[in-house]
Amino acid sequence: MRSLLEVSGVSVTFDGFRAINNLSFQIGEPELRAVIGPNGAGKTTFMDIVTGKTRPDEGKVLWGETSVSLLGMSEAQIARAGIGRKFQRPTVFEDQTVADNLMVALKKDRGPFQVLFFRPSPADHARVEDLAAEIGLSAHLQTQAGILSHGQKQWLEIGMLLAQEPRLLLVDEPAAGMSQPERDHTTELLKEAAKTRAVVVVEHDMDFVRKLDCKVTVLHEGSVLAEGSLDHVTSNQQVIDVYLGR
Amino acid sequence: MIRPILATLVAVFLCATAAAAQTAPAAEPAAESGLQSILQEHHDLVERASRQTVQTVLDALIDSEDEAVPAFLERWQARELYMRNADGLFVYVQNDRADPLVLLDIETGAELGTAGSRDLTALRPNRGVQTVIGAALVQFQLLADDPATRATALQAIERAPEPGQLHMIGRMLDEETDPALRDQAEWLLTRMTIAFAEDEAQRVAAIESLAGDVRVQARAALNPLLLTDRRVAEALPRDANIARVLEPGSAALPRADAYAMLVAAGLAPQEVTAQMRRDALIANITNGTVAGIQVHQLGTEAARARAYAALAAAGAVPPAPTEAEQTAALAAHVFYDEYREPSTAVTAAAAETVAAINTHVGLLEAIDLSLDGISLASIYFLAAIGLAITFGVMGVINMAHGEFIMMGAYTGYVVQLFIPDYTVSILVALPLAFAVTFGAGVAMERLVIRWLYSRPLETLLATFGISIALQQIVRQVFGAQARPFTAPDWLSGSLVFNDVVAISYIRIAIFGLGVLFFVLLWLILNKTRLGLEVRAVTQNPSMASSMGINPDRINMLTFGLGSGIAGIAGVAIGLFAQVTPELGTHYIVQSFMTVVVGGVGNIFGTLAGATLIGFLQKGIEWLNPSNTLAAQTYMILFVILFIQFRPRGIVALKGRAAGA
Amino acid sequence: MIALFRQNRSVPVMLAVLVIFAAFVTLLSEGAGTGALSTSLVKTLGMTTCLAIVALAMDMVWGYAGILSLGHMAFFALGGYMIGMWLMVARTEGVIAASLAQAPLPPTPQELTDAVAVQIFGVVGGNSFPWMWAFSHSLIAQLLLVVLVPGLLALVFGWLAFRSRVTGVYLSILTQAMTLALSLYLFQNDTGLRGNNGLSGLQNIPGAESVPQSLMSVWFLWASVAALALAYVFAAWVMAGKFGNVTRGIRDDEARVRFLGYPVEGYKLFVFTGTAIMAGIAGALYYPQAGIINPDEMAPIASIYLAVWVAIGGRGRLYGAVIGAVVVSLLSTWFTGGRAPDINLGFYTIQWVDWWTVLLGLGFVLVTLFAPKGLGGLIDLLARRTPQ
């Protein structure tokens, strides 16, 4: 399996604090991967680097079959290259309806002029309805996103990511603050998505990770501590030390 | 009867020798001593002294080196000299109101008996003669025992130096012991040597001794040597001291100016300007035509040129020199600047020395500019630091910050209404201004800002609303015109290092205030519990509140603190700026710039921003001193470009604290 | 168009109101002979209509895209300057040509140009045309500049500011700095636009000297109303579609839009520049009615007032901007024009000429605190209630 994303030897320092230290990471397509680690392990910074929000001090981030470097690209360019990102807090356009949110996210030309003259076709409407059905919001298409529940917003955001049709989906703590049934739905969504693309889930919750049933990468102090199945990594003495403290 | 005739004869003889003495005084042997006898020798010249002739008498007197001469000259100048009609003896009188008058000998002061006022003629030298006597007196005064007299004499020479005084100063310097007077005399000697000395080498040496002298007088002494006259000739004269040769059409000598010089010197015919041609054509209109061309066709330059040429051919107007003729005339002559000073050695030395001085002055000006920059930076620091704190901690921009500065200045004004002593009033005004604006800031935070924390842009507009309301209210209460807020005497004046470098005491005080507040704030933010909490709220408000810090209280206190410092800054600014309701608006934009350039949430950032903005503004003003508006324009453009390279300012928070 | 009317009901309402308003004013104007409304009042109404256009632009850039620009009144004034240059040159040329017609010789083109230059720039000690007046004799060129100058300035400034990710309060301060720099620049006598004298006599339209001002004011009113109608339809059309959704998305969550793959800077630049052009056009219509323009008009405070109008009218709703601009600027004219009756409290007389500013400032604080949706929010409430 060729890797879709290859991060190698990446380091980044904030005011003397080494948030990421010689990190290397690969993921193929399709694949579901969970990234776990204690607070401050560098999980969010790792995502920031991949999505172009933070520039690393050294290292390489290569993408796709032609191994394009992502380091010189803007966030928007990286997103258009096929990397979608879900934030920890749900970020949807609360002022707009669910349908509008999804329509904005649909994979289309992103330039201002094309968008200015864009008028949705029946196929686009159908696609939006399909997505809404997938994330369980069919009944709320004309609802303002702002009045959705927390879980519904998370799903809507995942739906927007899916509408973007990315090849790699980075998901930051999707289950935080969800009830058990909501978590199960989220698990299903992610597993379904991972059938056709690469999905990286950053999560604290071991239970949720277990349900994802996938390869796990443990981050600690900015680098990979262990990688493998959940059972494999949780039996690793170093991982136990890190999580339980010494 | 014989005596006066004899005296006249002698006088005529001596006149001739004295005239010779004037040209070569050193060669003449000392005249016969005895004041009275010398005067008698020049009897008529003393009795009917005139500006032209009196110098002869004076020279004879001075050459005699008689000790009574200075006192005599003073009395003569003061119109206290009398002549006894009977024998022409010159005397003083004891009291000019007494009758009979008691006569005194002019050498010894001994009484010579009495005389009625009719027996005496009062000698009243006119103003011109008085002046000449005064000039002669100067050399005695230069050697007087009283230093004050010597100082006065030096000043008299300095006002109107003359070539003959050069040696007097030399003589004075031989004996002068007072260091201040010595300095003064030496300076005068140098200056007069440059101007009057006959020996070229002496002058050059004197000129070169001024290298590195940055006083304005030094340049004033040298610049006359470099004055030039612009001349035109067929060829460069050989013996002239030529400063530079000019090329017509260059920036130094535009072509039109060069041609005008030719015309003025009668070396070329007058050119015909468009205006002159027009007037000539109008003067030659006959029956609606000019030289056979219809007037209504003369609406173009080409047509007018044709008409003029026709007139010239008919001899009605002088022909206009063509472009080629003008060029030829210009090419046939040289244009040059000639020094008024004939000696090339002197002008070369002067030019070199002036260049050296200017380099030196340039360096000092840079230092002076830096001092100005520092003082402006401290003003901006004081004005902006409050803004930076509130912006850093709460993320809101307080548009009314400028009005808090203005309120501080008005507090100073009001305090002076009640406390007339300027020193005390400022000491009272500083804490009071802090209290007033602290209160205003806290009130504003409680009433308005805290409801708007999630909407920073609206805070900006709401505080703007407060700003215009405050400004108008102050205008209603105090009026629109400037109010006096006066600095105490010990703050007026300047600390002067030399003619180039000086800094006013107010600015030094403001610098001190800036340093004081920098240190104070650093201590508050880094060494106190409040500071710790403020920094915690700045970096992560939600985390801070979860750790038991009450962000409400912190916000309120921070806002109060920031506003209070604005009040203090207002007092400082009010001391040198006009206290008007618009005072704040003049500083608010610079304060914003300072904060934006420096970076928020860090007093070092504000310091860096204020320094950059202050120096930059002074630097731009120095490049273009006539136009402060342009300076501000360019500075703002710079800030806009600066933001391109450091969007978060000079001292930027990094990492997560910087936020998304 | 129909779809737009259906989607945004304020569009047909606004168009109808505008037509009725213009017709009404025309009938009552001196130009129509009835004279119930004075010419100066008609001019004020026409000018207010232009202010509504720039408020609309401000609403798009602030209310929809979230960029609190404190520079749009500068763009407005720049538009005014561009048209003012032509008005002034063309009119002065006419006057000079008439006076030189009596001269013994017909003037040459150079003499004419020089005389016009002295007439215009003598007040700042100039006697020739500065470079920026190169096209001032051509109406077409200056009309192009009305669009190009504010547009290019906004484009360059916006490109610089947006690409370095300056946002929020920072951006506002930066736009304010730009405005200040521009007004300070124009305040200088030697920068070519007559310093603080500004351009004057703009109410005299060259080639239409025979048309009385009473009639001219009505023509301009109609032009302004037509421009506002066009601007309103344009703004509604832009904001109704996906572009509007993306723009509002940028306002609410810039990062999300960016991670969806949209070039956020491009959108901001598009809106900033587009609205700057709208402002420039509005200015070009406003100043021939005002008759005079000077650098004071583009002082930062003017742009802040513009934001105040939009905030009071209600951001994010196009009609809010129009209402805010009309209500606040007309009230301001009324209060500061000395027509509002003073209030005698016995010990103190409140003179509205002075206290209006205080009222406005405090009123603005109150609106921000208690009615963040502005007057437009009230209309929303009413509109929602009536159909039921």
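In which strand of chain A is A:H220 found?

## A:H220 in chain A

A:H220 lies in strand 9 of chain A, residues 215–220. Strands here are DSSP runs of E with at least two residues and helices are runs of H or I with at least four, both numbered from the N terminus. Apart from residues up to four places away in sequence, A:H220 touches A:P38, A:A41, A:L225 and A:V242, a contact being heavy atoms within 4.5 Å. A:A41 is 179 residues from A:H220 along the chain, and their C-alpha atoms are separated by 4.6 Å.

## Basis of the values

This is a predicted model, in which local features need pLDDT of at least 70 and side-chain atom pairs count only at pLDDT 80 or more, while totals for chains, interfaces and linings use all residues. Residues are numbered from 1 along each chain as its sequence is written, chains are lettered from A and ligands numbered from 1 in the order in which they are written, and side-chain values use heavy atoms, with hydrogens and water left out.

## Chain B as a whole

Chain B has 26 helices and twelve strands. Its radius of gyration is 40 Å, well over the 26 Å that the globule rule gives for 660 residues, so chain B is more spread out than a compact globule. The radius is taken over C-alpha atoms, and the rule is 2.2 Å times the number of residues to the power 0.38. Along the principal axes, the C-alpha atoms of chain B fill a box of roughly 125 × 90 × 50 Å.

Of the contacts in chain B with a separation of 6 or more, 68% are between residues 24 or more positions apart. Buried residues make up 45% of the 660 in chain B; buried means under 20% relative accessible area (1.4 Å probe, protein chains only).

Strand 1 (residues 81–84) of chain B runs antiparallel to strand 2 of chain B, and two bridges join them; strands pair if DSSP finds at least two bridges between them. B:Y82 stands opposite B:V91 in strand 2. Five residues lie between the strands of this hairpin, where B:G88 takes a positive phi near 75 degrees.

Strand 2 of chain B also pairs with strand 3 (residues 101–105) of chain B, in the antiparallel sense over three bridges. Here B:V93 stands opposite B:L103. Strand 2 (residues 90–93) is covered on both faces: B:F90 and B:Y92 are buried on one side, and B:V91 and B:V93 are buried on the other.

Notes:
Buried < 20%, exposed > 50% of the residue type's maximum accessible area, 1.4 Å probe, protein only.
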